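Here is a briefing on one structure. Please look it over before reading the points below.

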Amino acid sequence: MASKGRVFSGARPTGRQHLGNYLGAIKNYVALQEEYDCIYCIVDLHALTTMETTENLRENTYEMTLDWLAAGIDPQKSIVFIQSNVPEVTELHTILSMVTPLGKLTDLPTFKEKVRENPNNVNYGLVGYPVLMSADILLYKASAVPVGVDQAPHIEFAREVVRSFNHRYQTDVLVEPEMKVTVIPKVLGIDGVNKMSKSLNNHIELASTPEETLERVMKMVTDPARIRRSDPGNPDVCNVFTLHKIFSSPEYVKYVDVECRRAGIGCVEDKQALAKSINEALAPFRERRAELSKDPDYVYDVLREGGKRAREIAQQTMIEVRQAVGLVS
Ligand code: SF4
């Protein structure tokens with residue numbers, strides 16, 4: 001299929017990925033490769049804004065890349081690289097920060113949220129986060145950025161930065177990215193309340209063994225009103241049922257939908273069935289991951305090669321940006 005343009009997306013290096021990461025981002029990343037030239041970036045500089053220690057940075061980067069590759073991100077089709085390996089992004093960030101009013105940054109709801117979450121670490125980088133994010137997108141002249149509805153303001157922000165820059169320097173060097181709004185399912189954690197997240201330890205890792213997966217699934221909170229096996233349940237309020245809709249066959253989903261409501265099936269049995277479905281669905285991924293992990297150098301080679309390819313694009317953009325600004329090379 002002919003390429004429609006260039007997609008850019010970044011994710012923090014959070015180590016082994018979980019079901020929420022897969023359903024919310026990775027699955028989409030894999031699918032986009034068929035239609036777009038994709039650039040997938042591990043945004044380690046962004047991660048520094050809230051990181052207390054960097055001791056796991058290398059391992060987390062490796063593990064996340066391994067998951068991406070095992071899930072089907074293909075380095076022959078897409079550029080996969082580490083943000084800090086292309087230092088041009090920090091230069092563009094500095095230049096863009098000059099056309100960004102400070103008030104606009106401090107007014108952003110995401111900034112206010114970060115301040116609430118990290119009141120003792122409101123650093124300069126945190127304020128400039130959206131400018132760095134804009135630099136990421138604009139450096140590679142991405143035409144489309146896949147985002148969930150909640151991230152839409154960030155892309156709008158990047159578009160405004162482009163307009164300010166191009167107006168200030170009377171140029172068309174930077175390109176406004178389009179939002180590719182994607183329906184991102186909200187995947188709850190095993191607590192059945194919060195979004196699946198590593199920091200809340202309510203996640204199920206893609207790379208877990210079948211036994212570990214079963215153990216996590218058995219801990220899942222179900223319909224809180226169903227106390228005894230003989231109580232009828234309500235699958236509509238149960239996260240086990242939500243995951244069945246993703247991982248189990250339509251026949252089984254129908255079966256649970258009926259039997260749960262008349263106490264024809266117990267939660268223990270149903271959770272065992274869910275663990276089996278998840279394990280079956282993830283078996284090919286886990287096989288590929290095990291294969292890839294035999295050669296860690298391959299993963300680092302992919303990142304290095306991706307960094308080289310990304311840098312070529314970035315350097316060309318920076319030649320144009322410097323010229324437009326009037327910086328003397
Ligand atoms: S039977 Fe299944 S869907 Fe019904 S409450 Fe129990 S775990 Fe949830």
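Asn-60 touches Pro-13, Thr-14 and Gly-15, leaving out residues up to four places away in sequence; contact means heavy atoms within 4.5 Å. The model is predicted: local features need pLDDT of at least 70, side-chain atom pairs count only at pLDDT 80 or more, and totals for chains, interfaces and linings use all residues. Residues are numbered from 1 along each chain as its sequence is written, and side-chain values use heavy atoms, without hydrogens and water.

**Asn-60**
- Asn-60 lies in helix α3; helices are DSSP runs (H or I, at least four residues), numbered from the N terminus.
- Its C-alpha atom is 9.6 Å from that of Gln-17, 43 residues apart along the chain.

**α3 against α14**
- The axes of α3 (residues 57-71) and α14 (residues 296-325) come within 10 Å and cross at roughly 90 degrees.
- The two helices are therefore roughly perpendicular (65 to 115 degrees).
- From α3, Arg-58, Thr-61, Tyr-62, Thr-65, Leu-66 and Leu-69 meet Pro-296, Tyr-298, Val-299, Tyr-300, Val-302 and Leu-303 of α14.
- This contact comprises nine nonpolar, two polar and one charged residue. Ala, Val, Leu, Ile, Met, Phe, Trp, Tyr, Cys and Pro count as nonpolar, Asp, Glu, Lys and Arg as charged, and the others, Gly among them, as polar.

**Ligand shell**
- Around the ligand stand Thr-222, Asp-223, Arg-226, Cys-238, Val-240, Phe-241, Val-256, Cys-260, Cys-267 and Asp-270, with a heavy atom within 4 Å as the cut-off.
- Two or more of these residues come from each of α11 (239-247) and α13 (267-292).
- The shell holds six nonpolar, one polar and three charged residues.

How values were computed
Axes are lines fitted to C-alpha atoms, for helices over the stretch in contact, and angles run from 0 to 180 degrees between N-to-C directions. Angles under 35 degrees count as roughly parallel, over 145 as roughly antiparallel, 65 to 115 as roughly perpendicular and the rest as oblique.
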